[in-house]
Amino acid sequence: MKTIIAIPACHFESAYQICATTKARLVAAIRFAQAATSKDVIYVVSGDVPYYQGGTPLNHLMRSYLVERGVIADNILLGNGLGIADDSKNVVHEIAQQVQADKIIVVSSDWYLWAALPFWRLRAKTHNITLGVITVPGTGGWRTWLTYLAYGTIIRISFVFGLRMSLERALLHIQNKRRSGFQWNGCA
Ligand SMILES: [Zn+2]
């Protein structure tokens, strides 16, 4: 059985560069993998969005960043995901189909996890995979914090009141625009 380390993207610094938050998550993932007792680790980088239509998607840039730091390319999967609901849904589904894994560790910023963790928990449970989390502190400015605090609160309320699927559809509708170009500063 393999251990999966899932790293969601934050945003682009420029058309050909990932932002500091995304880099901090990748560095934390590498550190975890190096310290892990099992070396049978697969990285999944998700963020299937380009800076402009036809540009290199975030997840490809993330893979390059890992490879430059010594991770074997064969041990990196490209996950599809547009944002906080979609990342977990697609990544966990893809992993369940492609890899014999019993554990997923999500490596991300504290504010991202506040918002997205209910979705990751749900998907992991659906596929009977244990979920672990590594929190990356010190990323994101006040705008991002406020945005994700609000997202997380709405998401948690939607789970309690059975509105999760409607909310997911709404999020997907909003975030689907990212496919034709994603130039939002995701950690301002
Ligand atoms: Zn960012």
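Axes here are lines fitted to C-alpha atoms, for helices over the stretch in contact, and angles run from 0 to 180 degrees between N-to-C directions. Helices (H or I, at least four residues) and strands (E, at least two) are DSSP runs, numbered from the N terminus. This is a predicted model: local features need pLDDT of at least 70, side-chain atom pairs count only at pLDDT 80 or more, and totals for chains, interfaces and linings use all residues. Residues are numbered from 1 along each chain as its sequence is written.

Begin with the sheet. Strands of a sheet pair through backbone hydrogen bonds, either parallel or antiparallel. Two strands count as paired if DSSP finds at least two bridges between them. In this model, five strands form an open sheet with parallel pairing, in the order β5-β4-β1-β6-β7. Strands β5 (76-79) and β7 stand at the edges with a single partner strand each, so one side of each has no neighbour in the sheet. From one strand to the next, the twist averages 25 degrees.

Now take the pairs. β4 and β5 run parallel over four bridges. One of them joins S46 to G79 in β5. The chain gets from β4 to β5 through helix α2 (residues 58-68), in a right-handed β-α-β crossover. Right-handed has a set meaning for a crossover: with the strands pointing away from the viewer, the path from the first strand over the helix to the second runs clockwise.

β1 and β6 pair in parallel over five bridges, and T3 has K103 in β6 as its bridge partner. In β7, V133 is the bridge partner of V106. Helix α1 (residues 20-35) packs on the sheet and touches β1 (2-8), β4 (41-46), β6 and β7. The direction of α1 makes about 140 degrees with that of β6. Contact between two residues means that their C-beta atoms, placed from the backbone, lie within 7 Å.

β6, α4 and β7 make another β-α-β unit, also right-handed.

How do α4 and helix α5 (residues 142-160) pack? Their axes are 8 Å apart, at an angle of about 20 degrees. That makes α4 roughly parallel to α5, because angles under 35 degrees count as roughly parallel, over 145 as roughly antiparallel, 65 to 115 as roughly perpendicular and the rest as oblique. The crossing is left-handed: the near helix is turned anticlockwise from the far one by less than a right angle, while clockwise would be right-handed. From α4, the contact includes W111, Y112 and P118, and from α5 it includes W145, Y148 and R156.

Helix α3 (residues 86-98) also meets helix α4 (residues 110-126). Their axes come within 8 Å and cross at roughly 25 degrees. α3 is therefore roughly parallel to α4. This crossing is right-handed. D87, S88, K89 and V92 in α3 meet A116, F119, W120, R123 and A124 in α4. Those residues divide into five nonpolar, one polar and three charged. Ala, Val, Leu, Ile, Met, Phe, Trp, Tyr, Cys and Pro count as nonpolar, Asp, Glu, Lys and Arg as charged, and the others, Gly among them, as polar.
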